[in-house]
Amino acid sequence: MSRRILDVSNLVEAIEYKMISIVSVENKVKACSEITETDNVTPETFIESLQYLNEAKLFRNGVDFFYEFSGKDEIYIDCAMKNPYLDEYFYLKCEIKDGFSIDDVDKKFKETVFDRMDRKIAV
């Protein structure tokens, strides 16, 4: 069952805190009903673009991210722009790094602004 990452900053932080690492990124663009182009993107290029998206206050919610755990240490993430006229998807294969569990990553992806406020208030 696929779940939504609530905020793009949650994904950026999970990568920057080395909770997960991106193994591969595949880009699929459906130009029309019969033509689909597939391209591989380097993890570094994807991360750089993801960081720019996270900094873009106006457009950061224009992309949806969904994740699914598959196995003990693997996560698959799908993301796509909210555009009814263009089917462009990115498929990420990620791994959970040592010292972190599925529950840690799941909690990070579900984190809200209220969770962050509680931590700041508690300190």
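**Salt bridges and a cavity in a predicted model**

Mentor: In this predicted model, Glu111 and Lys108 form a salt bridge, with their closest N and O atoms 2.9 Å apart.

Trainee: Why is the contact between Glu111 and Lys108 called a salt bridge?

Mentor: A salt bridge needs a side-chain nitrogen of Lys or Arg within 4 Å of a carboxyl oxygen of Asp or Glu. The closest N and O atoms of this pair are 2.9 Å apart, so the contact qualifies. Both Glu111 and Lys108 are buried.

Trainee: What makes the pair of Lys108 and Glu13 a link between parts of the chain?

Mentor: The side chains of Lys108 and Glu13 also meet in a salt bridge, at 2.2 Å from N to O. Lys108 belongs to helix α3 (residues 102-109) and Glu13 to helix α1 (residues 8-16), so the pair ties together parts that are 95 residues apart in sequence.

Trainee: Why is Lys93 called partly exposed?

Mentor: Buried means under 20% relative accessible area, and exposed means over 50%. Lys93 has a relative accessible area of 28%, so Lys93 falls in between. Its partner in a salt bridge of 3.6 Å, N to O, is Glu74.

Trainee: What makes three of the residues that line the largest cavity count as charged?

Mentor: Asp, Glu, Lys and Arg count as charged. The lining includes Arg4, Asp7 and Arg60, so these residues belong to that class. The lining also has 5 nonpolar residues and 1 polar residue. The volume of this cavity is about 50 Å³.

Note on methods:
Residues are numbered from 1 along each chain as its sequence is written. This is a predicted model: local features need pLDDT of at least 70, side-chain atom pairs count only at pLDDT 80 or more; totals for chains, interfaces and linings use all residues. Side-chain values use heavy atoms; hydrogens and water are left out. On a 1 Å grid over the protein atoms alone, a cavity is a set of points where a 1.4 Å probe fits but cannot get out, and a pocket is an open set with protein on both sides within 12 Å along at least five of seven lines; lining residues have an atom within 4 Å of a point. Grid points are joined across faces, edges and corners, and a volume is the space filled by probe spheres set on the points. Helices (H or I, at least four residues) and strands (E, at least two) are DSSP runs, numbered from the N terminus. Buried means under 20% relative accessible area, exposed over 50%, partly exposed in between (1.4 Å probe, protein chains only).
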